[in-house]
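Dear colleague,

I am handing over the structure below, and I would be glad if you kept it open while you read. My notes on its disulfides and aromatic rings follow it.

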Amino acid sequence: MDLHLLLLVTLSTVLSGSWAQQDGSICINANAQSCGECIQVSEICGWCSDETFLSQGEAKSARCDDLESLKKRKCDGSKIENPRGNIKIDKNKAVTTRKKATDTSEKPEKLSPDQITQIQPQKLTLTLRSGEPQTFNLTFKRAEDYPIDLYYLMDLSYSMKDDLENVKNLGTDLMKEMQGITSDFRIGFGSFVEKTVMPYISTTPARLLNPCTGNQNCTSPFSYKNVLSLTNQGDQFNQLVSQQQISGNLDSPEGGFDAIMQVAVCEKQIGWRNVTRLLVFSTDAGFHFAGDGKLGGIVLPNDGKCHLENNMYTMSHYYDYPSIAHLVQKLSEHNIQTIFAVTEEFQPVYKELKNLIPKSAVGTLSSNSSNVIKLIIDAYNSLSSETILENSKLPDGVSITYKSFCKNKEVGTGDKGKQCSNVSIGDEVQFQISIESQKCPSNGKPEIITIKPLGFNEEVEVVLNFICDCQCATNGEHSSKKCHQGNGTFECGACKCNEGRIGQFCECSKDEVRTEDLDANCRKDNGTDICSNNGDCVCGTCECKKRDNPAEVYSGKYCECDNFNCDRSNNKLCGGHGRCECRKCICDENFTGSACDCPLDNSTCLAKNRQICNGRGTCECGTCKCTDSKFQGPTCELCPTCPGVCVDHKACVECRAFQTGPKKDTCEKDCKYFKMIKVDDRKKLPQPNDQSYPLGICKEKDANDCWIFFTYAIRNDTNEVYVFQDPECPTGPDIIPIVAGVVAGIVMIGLALLLIWKLLMIIHDRREFAKFEKEKMNAKWDTGENPIYKSAVTTVVNPKYEGK
C-alpha cells in the first residue's frame, strides 16, 4: 500500500513538473514582441516591464514568461504585467415568489407578465482575457400562474373533415381545462391547405371554386388563413371555428410549413404576448419543405417575413417553403413551443422533426381529433417541465460551457449541462456557465450575447469586454528616444518598433539585417562562430536561441554562457545544491566541489551513538571514510570479518557475573572495560527497538553447558553490559521412570508377540479343518464286494437232522 502511494506521489510530481515546463514553453515559444501579444498567448503568461530585466544577449520576447519563472528570474512582482478578467453583475432582480393567501376567502396574488421574473441575473458584464474562463451562476424558477397564449393551427384539407367537427367546441372546453394551470389563458385559430399553384391544387376554374369531388361543398383552396387572433373569449373561438369549411388539394403532403412561418413572424397580427407561447399543429399528412416549390416553378427561398393581408398569406405563390433550419431559427427567436398533433400513421415522421426542433412535442391524434384536449394538456406539461438554455451566436474565438444542478441533486455536464427535466411549478434550478475567449476580436470592440431558456421570453444579456493590451501600454512614449532615434514606442519597459524596424531598440531596418559589418560584431575574439553558434546576429547584437526547456537559457554578449552545462552529481545539475552560471556551479551555503556535491556539514556522518563514524573513520564530504578497511557502512558500523560481539565479551561476562570461565583468575585485570548490570528477568534486558544506539543481543554457552544471556552496547562513550543472573542449565535424567518404562515396554512387547502367535495358530487350525471338510464332501464310496473277502461265520449241518 505504502509503495503504491509513494509511486503515485512520485509520478504526480514528475508529471506536474513536465506540465509546468510545457506551460512555460508556451509563453517563451510565442516570441511575443509586446506586452499585448504576451497576454494573448495564455492566462499563465506575464510580461516583465522592468527596463533592466533582460541580461545581455536575451531577446525582447524573453520578457514574456510564466509568472513563477519571471519571479525566479528576479523580476519584481510590481513590474509583472498580468491583467485578470472579472465579472460585474449589472441587473440582478430576484426571481418571483408569490405571496400565498392567508385566508381561504383571499384571492392569490395576481401579477402581470412584466412583473414576473423567472431568471436571475438579467444582465452581466464580463471582462475576458485570452485563455481565462469567467464563470457565473444562473437561477431559473418556474413561476406559478404564468400566462399562456395557445394558437391552434389546423389542416383543413378534405381528409380532416371529421376532425373539424370535434374542434368546434375546443375553445370553451380547453379554457376550462387550462384554469387549473393558469388564470390568464388566450386561444387563437388558424388553418392551412396548400400553395395555390399547380401541381399542388387543380387550377381549373371549377376546382378553384370547389376543389372537392362529388356533391361535397368545399371552400376555395388557400395557403394559410388567420381565422382568429389570440383572445380570451372561448365562445368567440367556437363561433368562428364553426363557420370554417373543409378545402382540398391534389397531393398528400400539405403546406403547413408556410403557415408555421407566418404564425411565428406575424406577432402583431396573431397577437402574441411576452408569455408562454404554444403552437398546436394538427394534421393527418406530411409536409412540404424548402426545394419542393420548384415543382410549381417557385425558386425564391422563403424570406422569413410576415406577408398577411386581411389575415391571408398572399405570397405562397412567390416564395418557396421554408427549410426546417429556417423554421427552427424563427420559432426560437419568437419563443414559440410547438406541439405536433398528428395521426398514428405519421408519428415516425414528426418524431424525427421533433428531434430537430428544440422545445417541441409530438402527440398521437385520434382519427377524429376527439382526444385533442388531453393531447394538448399532456404535451404542455411535458414541455413546461423541461428547462433548456440556449445562447445567441458567439463571437469568433469565444466558447461557452454549461453545468446544471437540477432536482434531486442531479448534476449535468456537456450537452446535458444546458437542461433540467421534471421541473415543477415553483421549482428552482441552477446553472453554472463559463465563458472563455481564445483571442481578441479583430475590431477590439465589446460584444453582446444573450442566454435564455427555450420557450420563454426572458433572457440574460451578457456584455463581453476583451483585455487586448496591458495597462502599462496606455502610458507608452511614442517616437521615444530610447528606441533609436524615435523608431518605436517605448511601453512596458521595451521598445515596440514601428513598421519596418527591428531589434531590441528598433535600431535596424529589415533591409540591413544581413550585412557582414553587423555580423562581425557578433563574433567573439574575431572567431568564425557567430554568437558561439548559440544565437542569431540581429542588428549587430546576438540574440540567443531558445531551448525546448524554458528553464535552460543561453546568455552572454556572444551567447557563450548557459545555465545547463555544469557538472552534475546524482544526475542533478550542481548536485541540486547550487545554480549553474556560465557553465560553472555556484554552490549553496555548506556545499562545495565542482558539482556542489560535497557538504560541509558532518551530520550525515553521525552514528546512533552520536560519534562521528563510530570512532572508526573520518567524515569527508558528508561520507565516512573508515580508517580500518575491515569496517564499512554509512558510519563504519559494519564489520563482516570480525568475530561476533558476543564471542568477544563472553569470557569477561562469565567471570564477572558468575565467577566462572577461562578468565576467572584474571578477571580483575582483563574485564574492567565495561559496566555490568544484572537483571532478574530476561524481559528486562534492553531490546533493539527500544534504543537509539547500537545494541548486541547475546546467547552463549558457558563451561558448564549452561546458556547465559546478556546484551552489549556503547552508550555515551560507556560500554554497558546487561546480564540475566540465572543461567539456563540442562537438568539430569530421571532414572526410575526410564527403567519402569523399559520394563513395561518389554512386558508389553512379550504379550503382544504371544497374542500374535495365538492368533496365527487359530487361523491355521481353522484353515486345516475347512480343508478336511471339503475333502470329506468330495469322497465317493464303491458298493461292490471284495474278492478276497471271507466271512467269519461257518455253517455246519447236522446229518441226523431231518427237518422235523
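A disulfide is taken here as a pair of cysteine sulfur atoms within 2.5 Å, and by this rule the count comes to 25 disulfides. Please bear in mind that this is a predicted model, in which local features need pLDDT of at least 70 and side-chain atom pairs count only at pLDDT 80 or more, while totals for chains, interfaces and linings use all residues. Residues are numbered from 1 along each chain as its sequence is written, and side-chain values use heavy atoms, with hydrogens and water left out.

One of the disulfides joins C38 and C64, with the sulfur atoms 2.1 Å apart. This pair links distant parts of the chain, since C38 is in helix α2 (residues 35-41) and C64 in strand β2 (residues 64-66), 26 residues apart; helices (H or I, at least four residues) and strands (E, at least two) are DSSP runs, numbered from the N terminus. The link of C38 and C64 is right-handed, with 85° about the S-S bond, and both cysteines are buried, where buried means under 20% relative accessible area, exposed over 50% and partly exposed in between (1.4 Å probe, protein chains only).

A disulfide also joins C406 to C420, with 1.9 Å from S to S. C406 lies in the loop between β17 (398-405) and β18 (411-413) and C420 in strand β19 (residues 419-420), so this pair ties together parts that are 14 residues apart in sequence. Its torsion about the S-S bond is about -80°, so the disulfide of C406 and C420 is left-handed.

Turning to the rings, those of Phe, Tyr and Trp (its six-membered ring) pair if their centres lie within 6.5 Å, and planes under 30 degrees apart count as stacked, over 60 as edge-to-face and the rest as tilted. By this rule the count comes to 14 aromatic pairs. The rings of Y151 and W272 have their centres 6.4 Å apart and their planes at 50°, so that pair is tilted. Y151 counts as buried at 0% relative accessibility, and W272 is buried with a relative accessible area of 8%.

F340 and Y350 form a tilted aromatic pair, 5.5 Å centre to centre with 45° between the planes. Both belong to one aromatic cluster, which also includes F192, F257, F281, F287 and F289.

Best wishes
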